[in-house]
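Me: Please take me through the structure shown below, with the cut-offs behind each term.

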Amino acid sequence: MRLALFQPDIPQNLGSALRLCACLDVALDVIEPCGFPLSDRAIRRAAMDYGGQADVTRHDSWAAFLNGRDDWPQAARLVLFTTKGAEPYHNFQFGPHDILLMGRESAGVPDDVHNAADARLLIPMRPGMRSINVINAAAMALGEALRQTQGFAPTPPIA
């Protein structure tokens, strides 16, 4: 399972994604260009002390990301989360090699990215709402995908 961020706009969201992926042991793909200077220092600052624990791959462009598709496991699917999706994410059957793709905070993804996705999912929201924060959406998506594929369940509190 991997999480991919398409041209993230907000450095704090990238930091949150690094932390999320480090804690859940999920690899992170960052598809550039980003909407902010992406330096190792900026990543470390945004990720706090979690950055070194995350498995991060940077891609110079969408084309560079897709060029790596030959190296993906055969069963890998590109699963786009979008407000233009037709299928609610909780009705989707995730696979252990899926790559969950989140769009830009400001603009989502262009049509060519939509067209490249193997599935387009949405998170149902109250009518009139535009979108959920991208990392909150990623956490919801990863939680459901990992529950389905790895049987993740909350650890009971220590008494």
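**Surroundings of H59**

Me: Which residues does H59 touch, not counting residues up to four places away in sequence?
Reply: This is a predicted model, in which local features need pLDDT of at least 70, side-chain atom pairs count only at pLDDT 80 or more, and totals for chains, interfaces and linings use all residues. Residues are numbered from 1 along each chain as its sequence is written, and side-chain values use heavy atoms, leaving out hydrogens and water. With contact meaning heavy atoms within 4.5 Å, and residues up to four places away in sequence not counted, H59 touches D29, V30, I31, E32, A64 and F65.

Me: Is H59 buried or exposed?
Reply: Buried means under 20% relative accessible area, exposed over 50%, and partly exposed in between, with a 1.4 Å probe and protein chains only. Because its relative accessibility is 13%, H59 counts as buried.

Me: In which strand is H59 placed?
Reply: Strands (E, at least two residues) and helices (H or I, at least four) are DSSP runs numbered from the N terminus. The run that covers residues 56-59 and holds H59 is strand 3.

Me: In what order do the 7 strands form the open sheet?
Reply: Two strands pair if DSSP finds at least two bridges between them. The pairing is parallel, and the order is 3-2-1-6-4-7-5.
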